[in-house]
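I opened this entry to record what I looked up in the model. I began with the fold, then turned to charges.

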Amino acid sequence: MAKNNGGAVIVIPCCANKDFMPIRAHDTDACYDLMARCYIDASEPDLPTGNLRLLPGHRCLAKTGVRLQLPKGYHACILSRSGLAWKDGIQVLNAPGIIDEGYRAEIGVILYNAGTGGVDLKYGQRIAQLAIMKTRPTYLTMISEEEFKADTERGEGGFGSTGE
């Protein structure tokens, strides 16, 4: 059982393969690296493969071989790896991907090639980062239009409202 931010996190490799255990390069790193067990190309969802050439503008699902059992009051975020994004244009498409406390299935990471060339993704490659965070309880409540304070500097301005 590992400790993180004062809470226990149990990592369960669903393939019973310790090679896919999330790792941190340094003890002080905020995130754990996730590796790919297999890839599923969005254009051929019935053909999982160990290696995949991801073309520009295409996406795939990278299965990690990892399931989490998070303690009460924690969630995990899936984030892009900066080197993969910078060098190859590979991004986690729905970043941050949120893993709720009660989710128990294998973690899958949607990767997108925003680059200009094809990228060879390999079996066991580090493809994303996993951040484990404390969830702060929040609550939404309805108020009347009269109680709503829209008189901020930005006001009700939306996308692009702060200038060029």
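**Fold and surface**

The model is predicted, so I kept to its limits: local features need pLDDT of at least 70, side-chain atom pairs count only at pLDDT 80 or more, and totals for chains, interfaces and linings use all residues. Residues are numbered from 1 along each chain as its sequence is written, and side-chain values use heavy atoms, with hydrogens and water left out.

I looked up burial next. Of the 164 residues, 30% count as buried (under 20% relative accessible area; exposed is over 50%, partly exposed in between; 1.4 Å probe, protein chains only). The accessible surface comes to about 10900 Å², and 53% of that belongs to carbon and sulfur atoms. I then checked contacts (heavy atoms within 4.5 Å). Among those with a separation of 6 or more, 70% are between residues 24 or more positions apart.

**Salt bridges**

How many salt bridges does the rule give? I count four, the rule being a side-chain nitrogen of Lys or Arg within 4 Å of a carboxyl oxygen of Asp or Glu.

I noted R126 with D33, their closest N and O atoms 2.9 Å apart. R126 lies in strand β13 and D33 in strand β3 (residues 32-35), so this pair ties together parts 93 residues apart in sequence. D33 is buried, at 7% relative accessible area. R126 is partly exposed, at 36%.

E106 pairs with R37, with 3.0 Å between the closest N and O atoms. E106 sits in the loop between β10 (97-99) and β11 (108-113), R37 in the loop between β3 and β4 (38-41), and they are 69 residues apart. E106 is buried at 12%, while R37 is partly exposed at 25%.

I also logged D120 with R53, the closest N and O atoms being 3.0 Å apart. D120 belongs to strand β12 (residues 119-121) and R53 to strand β5 (residues 52-54), so the pair ties together parts 67 residues apart in sequence. Through shared partners, salt bridges join D33, R81 and R126 into one network.

**Negative patch**

Which residues gather in a patch of negative charge on the surface? I found E145, E146, E147 and E156. E156 falls in the segment after β13 (126-134). E156 counts as exposed, at 71% relative accessibility.

Conventions: Patch = residues over 30% accessible without salt bridge, like charges linked within 9 Å, V, L, I, M, F, W, Y side chains within 5 Å. Areas by Shrake-Rupley, 256 points an atom, 1.4 Å probe, with all protein chains shown as cover. Lys, Arg positive; Asp, Glu negative; His and termini not counted. Charge placed at Lys NZ, Arg CZ, Asp CG, Glu CD. Helix = DSSP H or I, 4+ residues; strand = E, 2+ residues; numbered from the N terminus.
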